[in-house]
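The structure comes first, and the notes follow.

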Amino acid sequence: MHQTIGLDFGTSNTVAVSADSDFATQPISFGDGNEVFTSLATVLSFLDRGAARALNAEAGPWAIKQFLESYGDVRFIQSLKTFAASPVFKGTGVFGVRFEFEDLMATFLECAFERAGTAFDPSSTRLTVGRPVEFAGYNPDEALAMERYRRAFQKVGFKDILFVMEPVGAAFSYAQSLEKDTTILVADLGGGTTDYSIMRFEMSAGHLKATPLGRGGIGIAGDTFDYRIIDNVILPKLGKGSTYKSMGKVLEIPPNLFSNFARWHMLSIFKTSDDYKEMKKLLRWCVEPEKIELFIDLVDEDQGYPLYKSVSETKALLSSEEEAEFSFAPLGPDFKASVSRKNFENWIAPDLARMDRALDATLAKAGLTENDIDRVFMTGGTSFVPAVRRQFANRFGQERMSGGNELTSVANGLALIGAREDAGDWAIAA
């Protein structure tokens, strides 16, 4: 059996794990000699090197460094996965070069694998790729997303490609430790989506057999929680709710302009939009122009990623602290805001309710109740949020909760599935 790689291409981070024919797994590390990472930020940057030279592309932390430290023009792209199922996204121009979705995804993967500590030949390596149960975005086109995924991997050189539901990968990773037949609910809580998968694992003659019982999900997860902090703490500072004067009337500045900014992965599109041009023209009529000027400065200076990073760090602190202080220099040297866990949980309460209703639908579709679930396995970065863990524990009981390797379990399970002779049985049609 040739080498297998399990790839968890995430909204915020990407993880890859290799497996051999003996089912020994090894996380793939990415480095440059000085720093080594096993989880790579899913970000991409292009440095404009002039008409006579090719674009200089970087991925992960090297893309962030290029974006923050280069003196030349840099195009920074993040949350690429959220565009996968969008028919509206029809590619983008990068310094005069046209990139379709699959070109961007392939460039990210090529940059990542160039820095991989594990050498492999894509043409003779099986790639087992995770895909979400529900793609993020408004009215997502699943078939379009899968076609884009396949074309991207083929551009990198992979020929043997299997697609497996992300929570199935996590379930398989966890199931390796089972000692008896078990029905598992996997809650994969990432950056862009929350995915549920219910599976029955049984041992037969020493062979692990799995029967899928149900799946579901919703396009709400960590990025949505970040948005709640931005919406309540930052956007009022940038003019949300403020007004402008027009033909003798005082009107509210359109709220949709602020939602574009809050969803930081949309900034690169918003920056070149007609809405943004109109907003600049509107500035002279604003009642509080200093707030809109700050809004414009942040967009012009591509502060979306640094802002997102600061917000995410604040959210992470709230997983262990009752209160966290948020500060972000581009908002002003005197700007500081105290964010309490209580307020944060109030802000995300409607999102948690929608996630819970999606779980209701998943159980109902499978014809099951909470009592039919033996174990609940939580994976993904958003599973660390206390309110999320509490919601599952209250529903299923703390004694049935499991976790561990939250950031690598999907990729590890995908690699193990890919190494099996019956790997095709676990895959879905692309």
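Is aspartate 360 buried, partly exposed or exposed? Aspartate 360 counts as partly exposed because its relative accessibility is 36%; buried means under 20% relative accessible area, exposed over 50%, and partly exposed in between, with a 1.4 Å probe and protein chains only.

## Basis of the model

This is a predicted model, in which local features need pLDDT of at least 70 and side-chain atom pairs count only at pLDDT 80 or more, while totals for chains, interfaces and linings use all residues. Residues are numbered from 1 along each chain as its sequence is written, and side-chain values use heavy atoms, with hydrogens and water left out.

Accessible areas come from the Shrake-Rupley method with a 1.4 Å probe, and for residues only the protein chains shown count as cover. Helices (H or I, at least four residues) and strands (E, at least two) are DSSP runs, numbered from the N terminus.

## Salt bridges

The whole structure contains 23 salt bridges, a salt bridge being a side-chain nitrogen of Lys or Arg within 4 Å of a carboxyl oxygen of Asp or Glu. One of them joins the side chains of arginine 228 and aspartate 351, with an N to O distance of 2.8 Å. This pair links distant parts of the chain: arginine 228 belongs to helix 5 (residues 222-234) and aspartate 351 to helix 11 (residues 341-366), 123 residues apart. Aspartate 351 is buried, because its relative accessible area is 2%.

Another salt bridge lies within a single helix. Lysine 281 and glutamate 278 meet through their side chains at 3.6 Å, N to O. Both residues are in helix 8 (residues 274-282), 3 residues apart, or about one turn of the helix. Lysine 281 is exposed, since its relative accessible area is 53%, whereas glutamate 278 is partly exposed at 47%.

Aspartate 360 takes part in a salt bridge with arginine 395, the N to O distance being 2.5 Å. Here too the pair links distant parts of the chain, with arginine 395 in helix 12 (residues 386-396) and aspartate 360 in helix 11, 35 residues apart. At 19% relative accessibility, arginine 395 counts as buried. Salt bridges with shared partners join Arg395, Asp356, Asp360 and Glu370 into one network.

## Negative surface patch

Glu290, Glu293, Asp297 and Glu301 form a negative surface patch. Patches are made of residues with over 30% relative accessible area and no salt bridge; like charges are joined within 9 Å, and nonpolar side chains (Val, Leu, Ile, Met, Phe, Trp, Tyr) within 5 Å. Asp and Glu count as negative and Lys and Arg as positive, while His and the chain ends are not counted. The place of a charge is NZ of Lys, CZ of Arg, CG of Asp or CD of Glu.

Glutamate 290 sits in helix 9 (residues 289-300). Its relative accessibility is 46%, so glutamate 290 counts as partly exposed.

## Cysteines

How many disulfides does the structure hold? The number is 0, where a disulfide is a pair of cysteine sulfur atoms within 2.5 Å. Cysteine 111 is buried at 11% relative accessibility, and cysteine 286 is buried at 9%.

## Positive phi angles

Most residues other than glycine have a negative phi. Serine 79 has a positive phi, near 50°. Serine 79 lies in the loop between strand 9 (74-78) and strand 10 (92-94) and is buried, with a relative accessible area of 0%.

Phenylalanine 95 also has a positive phi near 50°. The loop that holds phenylalanine 95 runs between strand 10 and strand 11 (97-99). At 33% relative accessibility, phenylalanine 95 counts as partly exposed.

## Sequence separation and distance in space

Valine 43, in strand 7 (residues 43-47), is buried at 3% relative accessibility.

Threonine 14 is part of strand 2 (residues 13-19) and is buried at 4%. Threonine 14 and threonine 408 are 394 residues apart in sequence, and their C-alpha atoms are 9.4 Å apart. Valine 36, in strand 5 (residues 36-37), is exposed at 58% relative accessibility. Isoleucine 5 and valine 36 are 31 residues apart in sequence and 19 Å apart in space, C-alpha to C-alpha.
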